[in-house]
Amino acid sequence: MEGREDLRSEQFLKLFRMLEGLLEKRYAGKRTSSGSVVMEYLRDADSAPVRTDLDMCREIRNLLSHNADDDGEPVVEPSEAVVDMLRCIVDYVQRPRLAVDYGTPGEKILFAHPNDEALGVMRHMMRMGYSHVPVRDRSGLVGVFSSGSLMRYVGEEGFEALHDSLRIGELKNALDISDERSEKYLFFDPGATLNAVREAFEKKRDRNSRVAVAFITEDGTQHTPVLAMLTPWDVIKDAQ
């Protein structure tokens, strides 16, 4: 029995060192504090699904490494279940869930062009159940068309500005992604995790700001091709 417990302790400590190595690579040059990489990760949005278990494993590791009874023996021994728990945490850190895999892929997104008729785009949106349609031209993403942008246009130009042949491009400032007076849009690079995007949505919501869409682009800006598009529903339905 004692030999098996010693083996579990060795396995546990080996897994913990492996975890620390993974996190050292993750935070190389990106540390926000002088604490341990494990504590850094516990403050990270990505740790949310494993945070409670990891914090317990951290405490067990400290007890194994720095505390002993009068005979020099550890005051705790990890159970097989705890070793398996840490193994799952290491696996989770090795294979994070990327947001790009949970949104609508770029090739399946309905894009509009500034020269498209707004009425035709709206009809397509109604048929497909879309709430937001990115607008792009040869230079890249130039805006997002939605009911909110249309209402903003009416508020600025008046109902008389609406007509059957209204082009998307005529909405101009109402499509502006950077203007946060209406809906908000977030941009992330392909390495963004699902939990990081979810936390960004939640932070905006906590500030009474509505984020409509998050875009994953090649470099995390609106100036490069869109790889995926996520709505709040996409990040909520996959929450653990």
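1. On the α3 side, Asp-53, Leu-54, Met-56, Cys-57 and Ile-60 take part, and they meet Val-82, Met-85, Leu-86 and Ile-89 of α4. By residue class, this contact of α3 with α4 holds eight nonpolar residues, no polar ones and one charged. Please keep in mind throughout that this is a predicted model.

2. How are these helices set against each other? Two packed helices are described by the angle between their axes and the distance between the axes. Here, α3 covers residues 51-66 and α4 covers residues 80-94; they pack at an angle of about 120°, and their axes lie 10 Å apart. Angles over 145 degrees would count as roughly antiparallel and those from 65 to 115 as roughly perpendicular, and α3 and α4 are therefore oblique to each other. The crossing of α3 past α4 is left-handed.

3. On to the strands, then. Strands of a sheet pair through backbone hydrogen bonds, either parallel or antiparallel. In this model, four strands make up an open sheet in the order β1-β6-β5-β4, and the pairing is mixed. At its edges are β1 (104-105) and β4 (184-188), each of which pairs on one side only.

4. Within that order, it is worth looking at β5 with β6. Strand β5 spans residues 211-217 and strand β6 spans residues 226-230; four bridges link them in the antiparallel sense.

5. Another pair to look at is β2 with β3. These strands, residues 132-137 and residues 140-146, run antiparallel and are joined by six bridges. Together β2 and β3 form a hairpin, with two residues between them.

6. Finally, a word on confidence. Over the protein chain the mean pLDDT is 86, with 88% of the residues at 70 or more. Where is confidence lowest, and where is it highest? The lowest mean, 78, belongs to helix α7 (residues 194-206), while β6 has the highest, at 95. That strand β6 is also the one paired with β5 over four bridges.

Definitions and conventions
Residues are numbered from 1 along each chain as its sequence is written. This is a predicted model: local features need pLDDT of at least 70, side-chain atom pairs count only at pLDDT 80 or more; totals for chains, interfaces and linings use all residues. Side-chain values use heavy atoms; hydrogens and water are left out. Axes are lines fitted to C-alpha atoms, for helices over the stretch in contact, and angles run from 0 to 180 degrees between N-to-C directions. Angles under 35 degrees count as roughly parallel, over 145 as roughly antiparallel, 65 to 115 as roughly perpendicular and the rest as oblique. A crossing is left-handed if the near helix is turned anticlockwise from the far one by less than a right angle, and right-handed if clockwise. Contact means heavy atoms within 4.5 Å. Ala, Val, Leu, Ile, Met, Phe, Trp, Tyr, Cys and Pro count as nonpolar, Asp, Glu, Lys and Arg as charged, and the others, Gly among them, as polar. Two strands pair if DSSP finds at least two bridges between them. pLDDT is the predictor's confidence in each residue, from 0 to 100.
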